[in-house]
Amino acid sequence: FRSLLELFRNDPVVNEKVLPAEDNHIPDVHSTKLRQTNNNNRDTIKLLEEQLQDLSSRNNNLNIKTRKYDSSIWRKEHTPYEFCGSYYANGFTAKIPICDGFTCEHNPTTEATTCVLHDIMIDKEKLKVSKGGEDISQVRNRENRDELPMYSSGVVLVNDENCEVGRVGLDSMQFKYHGKFVKSVTGGKKSQNRECSTVVQKTTLFITRYEYANLYHTYTDLYNLFLAMKVHADENYEGLELDPVQVVFLDGHSKSHMDELWVKLFRTKPTYVSDVPDKTCFKKAVLVAPGYTSPLSIFMMGKKSRKLGQCNLPPGNQFIKNFVQEFKQAFGIKPRSGKPTILLVSRHDYVAHPRSKPKSGTSRKFENEQELLGELANTFESKGYQVKLATFETMTMQQQIQAVSDSSILVGMHGAGLSHVLLKTIDGSESGNRGVVEIVPPSHSSSKHFEYLAQMADALPYLRITCGSANRNNEHYVDPIKLVEAVERLLK
């Protein structure tokens, strides 16, 4: 459409002036045809402009991949005085040189540390970790410590004869999570005799997932990896479609319901370190900060809660918006249609990881789920709303994200499933996002994970109501009248 529009706009016939016909003058045949062609072309131009405007509008609604953010907003370094940039993006201003081609960077605002290594080799004989990626049924009761890496000196070999990391003093706070990995790096004479079995040319992001089977903590890991990719990927890279990175899990966790998020968001299937061929060399490797130091981590949000609000002032939080935009693009989320929806997120027993105890069951379930659904339906269906129940334990991540994106009001018990609230944005339409209602038991009255995430999501309206304590089946009774009143407040 753009090409056709340009063609017609540049047509000499359109731009040629035609003298108006006078009452006493009969124009020649050429002038008549020229005027007709001119009018037809102008009509075509008008039609093309209308079609192009309609397509652009639909592209914006569908989050088409052609929409890209300026990558420089991520690469620019922000001092702690530039709070929003340093908190959500590249606040890694403290450079810590370790060896030649090996530098760590610390963010004083989030207390996160990343390390960038060039031209390294991995010696898996010095690394102890379970295989990873197995079906849960195959590794039931496996200890968590067996799934986390144990490093011996020489796991990582750098191309620096003078490198002796063991002699480098490391700040215990800056290297709270990366200390053992960093101390496993060696150089010296061994670097002269190394032979690479494989050489990986693209940037490789290494990450250790500590709470991999929890949706909330997975979001914190995803954001940190996303940030590392934006900061350290090739400078010519302006979108996820180009697949400029490789992701390696340093842990050996089993499969989980979260795996789909990693594959789709980063357009590549992560590799477990146990599956990396021995003596593999990497041209550029980035050791990503763990989720505990993510901007989405409750530890960080709680510490910085008084300042977070300033990052949502117009034009909004550009970093979170970029993350959400590319997240939705990766999953192909469609714009909402049909009746506005009130979505109640259920909680049921399921096996999340090898250490899950089926007998103890999932905590914070609804005791009166059907009563809540009935009361919501009786109150709001006559007002044009549809009420739906979502059981995330039986849904794919694609289905979960689409259901949350389609909802006008999200209702749920305090739990990791509410992490999807980050993906909701206000669009101002009648069926648009009207907010979230979090139901909080007494045991979690001080927990504000999802209140903070709602603030990041375009300052999404947020309400919380309390419920009773759990019974012996880990179920809580929720007052349906109190829930209906909260939903009505959001609708007003």
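Colleague: How many cavities of 30 Å³ or more does the count come to?

Modeller: Before the count, note that this is a predicted model, in which local features need pLDDT of at least 70 and side-chain atom pairs count only at pLDDT 80 or more, while totals for chains, interfaces and linings use all residues. Residues are numbered from 1 along each chain as its sequence is written, and side-chain values use heavy atoms, with hydrogens and water left out. Rolling a probe the size of a water molecule over the atoms shows where empty space is left. A cavity here is a set of points, on a 1 Å grid over the protein atoms alone, where a 1.4 Å probe fits but cannot get out, whereas a pocket is an open set with protein on both sides within 12 Å along at least five of seven lines; a lining residue has an atom within 4 Å of a point. By that rule there are four cavities of 30 Å³ or more, and the largest cavity holds about 110 Å³ of space, a volume being the space filled by probe spheres set on grid points that are joined across faces, edges and corners.

Colleague: Which residues lie closest to the centre of the largest cavity, and how does its lining divide by class?

Modeller: The lining has 16 residues, with Phe92, Thr114, Asn224, Leu227 and Ala289 closest to the centre. It divides into 10 nonpolar, six polar and no charged residues, where Ala, Val, Leu, Ile, Met, Phe, Trp, Tyr, Cys and Pro count as nonpolar, Asp, Glu, Lys and Arg as charged, and the others, Gly among them, as polar. Strand S3 (112-122) and helix H8 each supply at least two of the lining residues, and H8 has the largest share, with five; helices (H or I, at least four residues) and strands (E, at least two) are DSSP runs, numbered from the N terminus.

Colleague: How does the lining of the largest pocket read by class, and which element gives the most to it?

Modeller: The largest pocket has a volume of about 860 Å³ and is lined by 42 residues, with Ala213, Asn214, Arg347, Tyr350 and Ala416 nearest its centre. Its lining has 18 nonpolar, 17 polar and seven charged residues. H8 gives the most, with three residues, and helix H14 (397-406), strand S16 (409-413) and helix H15 (449-456) also supply at least two each.

Colleague: How many salt bridges does a search of the whole structure find, and which parts does the one between Glu77 and Lys95 tie together?

Modeller: The search finds 17 salt bridges, each being a side-chain nitrogen of Lys or Arg within 4 Å of a carboxyl oxygen of Asp or Glu. In the pair of Glu77 and Lys95, the closest N and O atoms are 2.8 Å apart. Glu77 lies in the loop between helix H4 (72-75) and helix H5 (83-88) and Lys95 in strand S1 (residues 94-99), so the pair ties together parts 18 residues apart in sequence. Glu77, at 39% relative accessibility, is partly exposed, as is Lys95 at 40%.

Colleague: Where in the chain do Asp349 and Lys365 lie, and is Lys365 buried or exposed?

Modeller: Their side chains meet in a salt bridge at 2.9 Å, N to O. Asp349 is in the loop between strand S13 (341-345) and strand S14 (365-366), and Lys365 is in S14, 16 residues away. Lys365 is buried at 11% relative accessible area, whereas Asp349 is partly exposed at 44%.

Colleague: What does the phi angle of Glu111 show?

Modeller: Most residues other than glycine have a negative phi, and most peptide bonds are trans. Glu111, although not a glycine, has a positive phi of about 65°, and it lies in the loop between strand S2 (102-107) and S3. Asn141 also has a positive phi, near 70°, and sits in the loop between strand S4 (127-128) and helix H6 (144-147).

Terms used. Buried < 20%, exposed > 50% of the residue type's maximum accessible area, 1.4 Å probe, protein only.
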